[in-house]
Every structure is written in structure tokens, then in C-alpha cells.
Amino acid sequence: MKNIVIIGSGFSSLSAACHLAKEGFQVSIFEKNNTVGGRARQLIKGGFTFDMGPSWYWMPDIFEKFFNEFGKKPSDYYELEKLDPAYKIFFADDTITIGDCMDKICEEFERIETGSAVHLKNFISKAQTNYDIAINKIVLKPGLSPLELVTKETVLRVDQFFKTISQEVRKRFKNPKLISTLEFPVLFLGAKPSKTPSFYSFMNFADFGLGTWHPKGGMYQVISAMKSLAEELGVTVHTNAPVEKILVKNGKAVGIISNGSTHNSDKVISGADYHHSETLLDKEFRQYSSEYWNKKTYAPSSLLFYVGFNKKLDNINHHNLFFDTDFEKHAEEIYDNPKWPTMPLFYANFPSATDKSMAPTGCETGFFLIPIAPNLEDTPSLRSQYFDIIIDRFEKRTRQDVKNNIIFKESFCVNDFIEEYNSYKGNAYGMANTLTQTAFLRPNLKSKKVKNLFFTGQLTVPGPGVPPALISGKLVADLIKNKH
Ligand SMILES: Cc1cc2nc3c(=O)[nH]c(=O)nc-3n(C[C@H](O)[C@H](O)[C@H](O)COP(=O)(O)OP(=O)(O)OC[C@H]3O[C@@H](n4cnc5c(N)ncnc54)[C@H](O)[C@@H]3O)c2cc1C
């Protein structure tokens, strides 16, 4: 039986492990941290449960397809709830509530801009077609050749790769609040809406068409499910097992060294950050130079706070976006002129608003996220200064006092992303999906220099996010299965 070592235990590694174990490979995972899950780890403190990274469960069809490949369903492992409202956006003078179906969303759009519901329906219908093409014809390609992108459907829509999502949205909607609402979903792809091809409007279908879901107990339930599935399929999982070296002999990957011990294998896959993974190789075996990595556009890093409140909070939803400052300016301070944001937008997640299991009775679990440029200076005083800024705004917008109800607060930022995940420049979720960083233009799933060495995860294809990570694991497993 062929033996495969996988570095890391994020969504992409767990997905690759399950697919390969099903094909009869003997798979071992080596994870540096003391629990599996990577960016999607969990923090439990004083009865409060926090997802440390992803909290938006979008594209339920991708999760369904993943478990179906093994004769299972998500409901065999966790309970899913469709959130209504899906989320709420706070602006300086109003709020927009996104319901769980198009009728409710159209009504809300119409309230803000007369006549916008018709435009919205057309926009989402086009977005749905793009979603079908993206999911069925594009993302399942391994990014080995530009020809993969040439299909009857994409050729007919080639203009959508050269126009941006910003242009497309602004053509149809005038109200700045609606524009921000429709530009928000592509932020998951890691780049500015004005740099993201309009074809990616399929994210708007994911948002309004497919809805926002919550696995009871939090996103970590999905990681636990995948770990259980992997173990059912015979995968061995080692935690506290940092990989120090990828071993190469006669141009082929032959194993790894972890905690000083050698583990031989027929193939090696790294689901750790790509740049870091290449540093585990001797220089002559690395495919990409430091200039290559330095020039790329990364998805933002984040300043995160995990906060336990000793009371239930008012006027909040499960997911809340605070777009009450200038969206454009904050985006410029992430991508064009990287610096700590002057007036940050932020996201606040209160899973205990809909799921009692996430906090002690009468309490609220709060997760706050400020997107920031990667590689910024990260100090305790900056973290504390920004917490004060957002908590003041949070109190004002939700019209309540909460500062004296904080039992504890933990923070996580650039230095932690580097320390905990070996993240390049402390990026939170990989390399952005811009036109020049899409498909075959992204770092390769398969090493061009070392045989039997493969990569998976958010820095390779298809890109950032949990559903793409599930797909990335499948793509690398398919390459190995088909003996590439
Ligand atoms: C704050 C935040 C919020 C997010 N929100 C969402 C969201 O709401 N919805 C969504 O879909 N996506 C979201 N994402 C993105 C999503 O979480 C990621 O794209 C996805 O989890 C990445 O999975 P991965 O397998 O590529 O990498 P990772 O999860 O980073 O896994 C890589 C693993 O490799 C390990 N590793 C690194 N170096 C070594 C080594 N030398 N030896 C052994 N192990 C090593 C790391 O510890 C880690 O466990 C968010 C991400 C963050 C950070």
C-alpha cells in the first residue's frame, strides 16, 4: 500500500487525507499545533466557545458534495441551521438586514432604492449562472494549463473576466449602501472589489441565493466531522508534530522530518502555507523566489478579539458588519497604501445569539474582526487602541453599554498568524483571487522541481475560503490518483 504524508491539518489537508484514504493510500497527517483545524481552530474559555477563524458557512452544496463522496451527509456529523436574518449591516445612519430569501432581500433593497429589486433579481440570476459554471466547469480543474479555463461557457463570458465586480454593481445600483452590500461577498476572495473580475459575482449568488448557515456548536464541528471521517477511513493524525524538513532523494520527495524523527513516504503533500512549505526544502528544490512571493497580492491579515460578555446583548444578530465608515478608504489602507486603518470597518459575530451551546446561560460570545494589511507592525498597544475604537463604535451603533460587561478578551493578530500557522507576512486567508492570480496563474498543486511532492490549500488553487479548501484537497488527491 502506498504511503502519503500530509503536512498540516486545515480543511484542505483533511479533505486530501479523506479522498486519498478512500483510494486505499495509507495517510498520515503531521500538524504542528496541539489540535487539528488550522485557521479554523476553536477556543473554549470559561464556558464560551469561539471559532477562531471562519464563521460564515456559505455554499452548503460544496460541503454536501464532500460528504456524499464518502457515502455520508453533513447531518451524519452536525446539525445545520439556515440563519434568518443571514446578517445585518450597520451604516452611520441606517441598517440593512439581509433575510434568508430573495423576496425579503428585494423588499429591503426597494426600501433603500426604489426600483432596485428588479435590477437585483437580474444581477443574481446572472450570478447564479456564473455559480453553476464556476462550480461545475472551473474550480474542479487543477490549474495545470490556461486551456482549462477555455470552455464554451467561459468563452461566451470572456468580457466578465476583464470587467470588475465594482463596475458591474455600480452600473445597476446608485445607493452607496447597496453598493457596499453587493461588494462585500467578494471580500472573501481576498482582493478589492475594483480588482476582482465581475465573473466572481457568483459569490453574490452564494450569499443571497444559497444563504448563510450555522453548524450547531460552530464551524469547528465541520473540522471535527472531517477528522472523524478521516479516522474512519484509516488516516493517522499526529498533533504537536511540526515538520522541520521535506526529504528529497534523486529528485523525489521521500518523506519528512518531524520532532527530529524521519518518516518515510511515497509522496508528500503540504497543506501548510505554500511559502513556508518551500522553506522546508533545500534551496535548489524551491520553485518560487522570495521576489515572487513578495510581489503577490495577499488576502488581508486580521486583528481579532474573542470576548466573553456577562450579559445578553441588544440589537445584534449572529453576523453583523459595521460599514459605518468609508469602505473605499479602508480598502486602500489594506491594499494600496498598507497601514493601520484610519477608521476601520469591522465584523462582529455573536454565535450565541442563535445557538445557546456557544455561551453560558445569560452570556454572549463575541468575535470581532478588523481586516488589515498583512505584515503590519503588531504590538499590544496597537491591539488595545483598536479594541477601544471598535467597542466605542459598537456601543454607539447598537445603542447599549457593554464595556463593563466584558469578562475576558483574547486577541490574535499578524504575529500570531506567523507564529501559529507559519503564515507568510501574517496573511489570514492566503493569496487573493485577482485576474493575474487565478487558476493556472496561482502557485502549483504539483511541484515542478521535485517528483511526488504536492501542495494544497488557500495559496494554491482554487483559492481562499473553506469551500475552496475542501475542493483544493480533492484536486490534489485527484492528481495523485491519476498518477500525475
Ligand atoms: C479570521 C479568519 C476568518 C475567516 N472567515 C472565513 C469564513 O467566514 N468563511 C470561509 O469560508 N472562510 C473563512 N476564512 C478562510 C478559511 O478559514 C481558510 O481559507 C481555510 O481554513 C484555509 O485552510 P487551509 O487548509 O488552506 O490552511 P490552514 O487552515 O492554515 O491549515 C494549514 C495547517 O498547516 C499547519 N502547519 C503550518 N506549518 C506547519 C509545519 N511546519 N508542520 C506541520 N504543520 C504545519 C498549520 O498549523 C495549519 O494547521 C477565514 C480565515 C480567517 C483566518
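In this predicted model, strands S10, S11 and S12 form an open sheet of three strands, arranged in the order S10-S11-S12 with antiparallel pairing. Strand S10 (243-249) and strand S12 (261-264) lie at the edges, and each has a single partner strand, so one side of each is left without a neighbour in the sheet. From one strand to the next, the twist averages 30 degrees. Six bridges join S10 to strand S11 (residues 252-258) in the antiparallel sense. Within this pairing, Val-248 has Ala-253 of S11 as its bridge partner.

A second open sheet contains five strands in the order S9-S2-S1-S13-S19, and here the pairing is parallel. Strand S9 (236-238) and strand S19 (453-455) are the edge strands, each pairing on one side only. The twist in this sheet averages 20 degrees from one strand to the next. Strand S13 (residues 267-270) pairs with S19 in the parallel sense over three bridges, and Val-268 stands opposite Leu-453 in S19. Helix H1 packs on this sheet and touches strand S1 (3-7), strand S2 (26-30) and S13; the direction of H1 makes about 165 degrees with that of S2. In a regular strand, the side chains alternate between the two faces of the sheet.

A further strand pair is formed by strand S3 (residues 42-45) and strand S4 (residues 48-51), which run antiparallel and are joined by four bridges. Gln-42 has Asp-51 of S4 as its bridge partner. The hairpin of S3 and S4 has two residues between the strands, and Gly-46 in this hairpin takes a positive phi near 55 degrees.

| Strands | Sense | Bridges | Residue pair |
|---|---|---|---|
| S10 and S11 | antiparallel | six bridges | Val-248 and Ala-253 |
| S3 and S4 | antiparallel | four bridges | Gln-42 and Asp-51 |

Two packed helices are described by the angle between their axes and the distance between the axes. Helix H6 (residues 165-172) and helix H7 (residues 176-183) pack at about 145 degrees, and their axes are 10 Å apart. The crossing of H6 past H7 is right-handed. On the side of H6, the contact is made by Ile-165, Ser-166, Val-169 and Arg-170, while H7 contributes Ile-179, Leu-182 and Glu-183.

At the level of the whole chain, the protein is divided into domain 1 (3-41 + 218-295 + 431-481), domain 2 (106-204) and domain 3 (301-372 + 379-412). The centres of domain 2 and domain 3, taken over C-alpha atoms, are separated by 28 Å.

The ligand is surrounded by 37 residues, of which the closest are Gly-8, Gly-10, Gly-38, Pro-54 and Gly-457. The shell around the ligand draws at least three residues from domain 1 and at least three from domain 3. Helix H1 (11-22), strand S14 (301-309) and helix H15 (466-481) each supply at least two residues of this shell. The largest share, three residues, comes from H1, the helix that also packs on the sheet containing S1, S2 and S13. The shell residues divide into 17 nonpolar, 17 polar and three charged.

Definitions and conventions. Residues numbered from 1 in each chain as written. Predicted model: local features only at pLDDT ≥ 70, side-chain atom pairs only at ≥ 80, totals over all residues. Pairing = 2+ DSSP bridges. Axes fitted to C-alpha atoms, helices over the stretch in contact; angles between N-to-C directions. Domains from an automatic or database assignment. Near = placed C-beta within 6 Å. Nonpolar A, V, L, I, M, F, W, Y, C, P; charged D, E, K, R; others polar. Left-handed = near helix turned anticlockwise from the far one by under 90°. Contact = placed C-beta atoms within 7 Å.
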